[in-house]
Amino acid sequence: MAKYLRFLVLVVTSLCVTAFGDKDILLRLGDTEKNVKELRQENAALKKENRDMHQLIARLSAKIDKISNLATEEAIEDTSASTNGRYQIHSNVNSKRLLSSSLPDYLAFAASLNTTIPHVAAHQLIKYNDIITNEGNGYDATQGIFIAPARGLYLISVTLWESMNDLQRIGLDLVLNGKKVISIFADGAGTNDSAMTQTLPLVLKQGDRVWVRTHDKYAGFTLYGSAEWNMNSFSGVLLTYI
C-alpha cells in the first residue's frame, strides 16, 4: 500500500511539474511575441525618423549652398572694388560674369602666307603658316584657325595681295564658326599690283573659331605667298574682355 501511495505521489508530482512547465513556456512565448511586436514598431519609428533627418539635412544643405553662393558673390564684388579692377565684373540684365585674373593681359596674333598656293579650291581654308606674333596662343598655324581664348571684343584683319605679274584674280572670305562674315578681292590682271584689307571688330565668345577661306567663285586661281614680303596676312587683337 505504501509503495502504491508513493507511486501516486510521484505521478501527481510529475504531472504538476509538466503542467506548470507548459504554462511557463506559453507565458514566455507570449512575452517574446510582445517584445518582437514592440521591436518592429520601434524599428518602423526609427526608419521614419531617419527619413525625416535625411530630408532635413537636404534642406539645410541647400540653404547652406545658397548662403555660400551669396557670400562668394559678395566677396567677389568686394575684391573687384578693392583691387582696382584686377577682377572685373560685367553685368547685364540676367547675369554677372567674372573674368579670371589668370587670363593674359594681351591677346594678339598675326600670321602671313609664305608659300604660293596654286589652283585653289572653292572654300579652301588658308593656312597662314608664318607666325609673326601669337600672344595668348590663340592662333593655330597647323589649322589656320584663330580660337578665341576668352569672350571679348576683338579687331580682326585680313589683307589680300596679288601681283600684276601673276595675272590672277582672287577672292577670300573671313569666316566665323563656319559662317561668312565679309569677303575681299584682289585683281592682278591689270597693269598694277592689287591689294585689299578688311578690318572689323567682332565680339567673340570663348571657343569661337575664325579663319580665312577662298571665295567659291575663284576656284582654280592662285593665291600669292612670299616669305620675304608677307603681303597676304591674317591678324587679330583683343581690344577688351567683356
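Mentor: Let's start with contact, which means heavy atoms within 4.5 Å. This is a predicted model, where local features need pLDDT of at least 70 and side-chain atom pairs count only at pLDDT 80 or more, while totals for chains, interfaces and linings use all residues. Residues are numbered from 1 along each chain as its sequence is written, and side-chain values use heavy atoms, leaving out hydrogens and water.

Trainee: What share of the contacts with a separation of 6 or more comes from residues 24 or more positions apart?

Mentor: In this protein, 70%.

Trainee: How many helices and strands are there?

Mentor: Helices (H or I, at least four residues) and strands (E, at least two) are DSSP runs, numbered from the N terminus. Here you get 1 helix and 12 strands.

Trainee: How many residues are in the largest nonpolar core?

Mentor: Such a core is a set of buried Ala, Val, Leu, Ile, Met, Phe, Trp, Tyr and Cys residues joined through side-chain atoms within 4.5 Å. Buried means under 20% relative accessible area (1.4 Å probe, protein chains only). The largest core has 32 residues, and Tyr128, Leu174, Leu223 and Phe234 have the most contacts inside it. Strand 7 gives the largest share, 4 residues.

Trainee: Where is Glu162, and which residue is its nearest side chain of opposite charge?

Mentor: Glu162 sits in strand 7 (residues 152-162). A salt bridge puts a side-chain nitrogen of Lys or Arg within 4 Å of a carboxyl oxygen of Asp or Glu. Glu162 is buried but has none; the nearest side chain of opposite charge, Arg169, is 11 Å away. Beyond neighbours within four places in sequence, Glu162 contacts residues including Gln168, Asp193 and Tyr224.

Definitions and conventions
Buried means under 20% relative accessible area, exposed over 50%, partly exposed in between (1.4 Å probe, protein chains only). Lys and Arg count as positive and Asp and Glu as negative; His and the chain ends are not counted.
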